[in-house]
Amino acid sequence: MTRAIFHTATTLDGYLATDDDALDWLFAVPGSDEAEAAFGRFLSGVGALVMGSATYEWLVHHERLLNEPEKWERFYGTRPAFVFSSRVLRPVPGADIRIVTGSVRPQWESIRDAAADGDVWIVGGGDLAGQFIDAGLLDEIRLSIAPVTLGSGKPLLPRVLGADRLTILAAKQAGQFVEVVYAVDRVSGA
């Protein structure tokens, strides 16, 4: 069964990025090799990606993907990527980028079908992951918590989600990161 998994790195104070969408804090954490090894195992089970427009635009800009589109396949393989946006975005040449609009619920069947036998990785951002929670579609949250605080920025998950909906499945140290995995109770009727 296809699972929807929000897998991301976060600061100790619960931010995904700075107010201006920068991730310099993440790349400054020493000893991330161990965390990256675990990510490769996760990615091998992913059949499709889902991200918001800010995440997509950061990737395109930061990795210069419009000029170096071959990087996309090195990073993500040939997996289809669904990008939720209300704006017109330029797809990475040669990549299976599907720009979609609206809420996640009407797109879920297409996303799930595109994932085939794999999981769906909600890459980011936090509000998009929250929309999956609101729609009763998120199965798991995987966090790599960095020993960094920002004080403000883009929140990890701008939703109220009580302990009655989260069950811890695993926790371990990976270099300077703490990796935590939670099962999410989808709530009945979803």
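## Helix 3 and its cover

The model is a predicted one, in which local features need pLDDT of at least 70 and side-chain atom pairs count only at pLDDT 80 or more, while totals for chains, interfaces and linings use all residues. Residues are numbered from 1 along each chain as its sequence is written, and side-chain values use heavy atoms, with hydrogens and water left out.

Just after helix 3, Arg64 adopts a positive phi of about 55°.

## Overall fold

The protein has six helices and ten strands, taken as DSSP runs numbered from the N terminus (helices H or I, at least four residues; strands E, at least two). Its radius of gyration of 16 Å is close to the 16 Å that the globule rule gives for 190 residues, so the protein is as compact as a globular protein of that length; the radius is taken over C-alpha atoms, and the rule is 2.2 Å times the number of residues to the power 0.38.

Of the 190 residues, 48% are buried. Among contacts (heavy atoms within 4.5 Å) with a separation of 6 or more, 74% join residues 24 or more positions apart.

Definitions and conventions. Buried < 20%, exposed > 50% of the residue type's maximum accessible area, 1.4 Å probe, protein only.
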